[in-house]
Amino acid sequence: MKRIARLGWDVGGAHVKLAAFGQDGRLKAVRIAPCPVWKGEETLAGALRELRAEFEPGVPSAVTMTAEGADLWPDRRSGVIGTAAILMRELAGAPLVLFAGPEGFVPPERAAEHADHIASANWYAAAAVLSHLLPGGILVDIGSTTADLIPFDSGRVTARGFSDAERLASHELVYTGAARTPVMALAHEAPFEGRWLPLMAEHFATTADIHRLTGALAEDADLHPSADGGPKTIEASARRLLRMIGHDFSPPLLPKARALARHLAEAQLARVGRAFDCVASAQENGPELLVGAGVGRFMAARLAERRDLAYLDLADVLTDDPALSRQAADCAPAVAVGLLAAALDAA
């Protein structure tokens, strides 16, 4: 591994993402590990430990987080403080700062004072970087679990909300993602064999199964166990999806399972599109550019086409290394927080 000068972290409730930068300021590596924080503090500590061990000691870290929202903690403030304590322990021996959105970076010892701005500020990091690179647009970052729709313009992030509650209300945060969203959250019914069948209110299948059947999901975009703990194959995804409408899988039903997946993928895109239209309607001049990020940015690309907007993949912005560009866009907040910290040091 080349000598590393800085680490950028996005510590989430389901994944930990890490971006490593060299002495020349360029991105050198991107890593991601599944991390179900709701299972306990040691789960988070172990993920941090595993990723950090790959790089030499003493490297400064800049961290943004969403792990505070996991139901391990009684409330978000406690989650920020608890996550900061784990970070201080596992990343000890090197400088460490926490990203607090518009307040910039703060030392972890002051996490309690800045908890409201530290909590779930990862979306702000990516939009802040874009706002200094592009004249304006809307960033649509669709991850495994959520979609962020963030307007930016001429050096400013112009989002109307900041907290999760505010962003949900303004449709700048939508709880739908490319892999972990339960299928039952997408629609009440779906067409199958000439009838509209109700979807069961059970966690039988996820959006990973849908997008695997449509061919849109990258192999490394689904790092958590499937809904039934079974394999992540086309046949297994079809079996899980058909179970949602009370049918058992057989090979002749695979084309119909794919058609069902396409319908539900459209339902998910319609939900993101509805939120996008709301966010766009708040802009003085309608957006001309949509920037896609996250493992589900294939949906952002489709949305841009349907809204007749210019589309820019964040993979073409965050690094000039083609070997890292896809991973950089998948893990945009981790890369962005590293870039912001480096810019602050250089100022």
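This report describes the fold, surface and cysteines of one predicted protein model.

## Basis of the model

The model is predicted, so local features need pLDDT of at least 70 and side-chain atom pairs count only at pLDDT 80 or more, while totals for chains, interfaces and linings use all residues. Residues are numbered from 1 along each chain as its sequence is written, and side-chain values use heavy atoms, with hydrogens and water left out.

## Overall fold

The chain holds eleven helices and 14 strands, taken as DSSP runs (helices H or I of at least four residues, strands E of at least two). Its radius of gyration, computed over C-alpha atoms, is 20 Å, close to the 20 Å that the globule rule gives for 347 residues, so the chain is as compact as a globular protein of that length; the rule is 2.2 Å times the number of residues to the power 0.38.

Of the contacts (heavy atoms within 4.5 Å) between residues at least 6 apart in sequence, 61% join residues at least 24 apart.

## Burial and surface

Buried residues account for 54% of the 347 residues, where buried means under 20% relative accessible area, exposed over 50%, and partly exposed in between, with a 1.4 Å probe and protein chains only. The accessible surface, from the Shrake-Rupley method with a 1.4 Å probe, comes to about 14800 Å², and 52% of it belongs to carbon and sulfur atoms.

## Cysteines

Zero disulfides (cysteine sulfur pairs within 2.5 Å) are found in the whole structure. Cys331 is in no disulfide, and the nearest cysteine sulfur, that of Cys35, is 14 Å away. Cys331 is buried, with a relative accessible area of 3%, whereas Cys278 counts as partly exposed at 27% relative accessibility.
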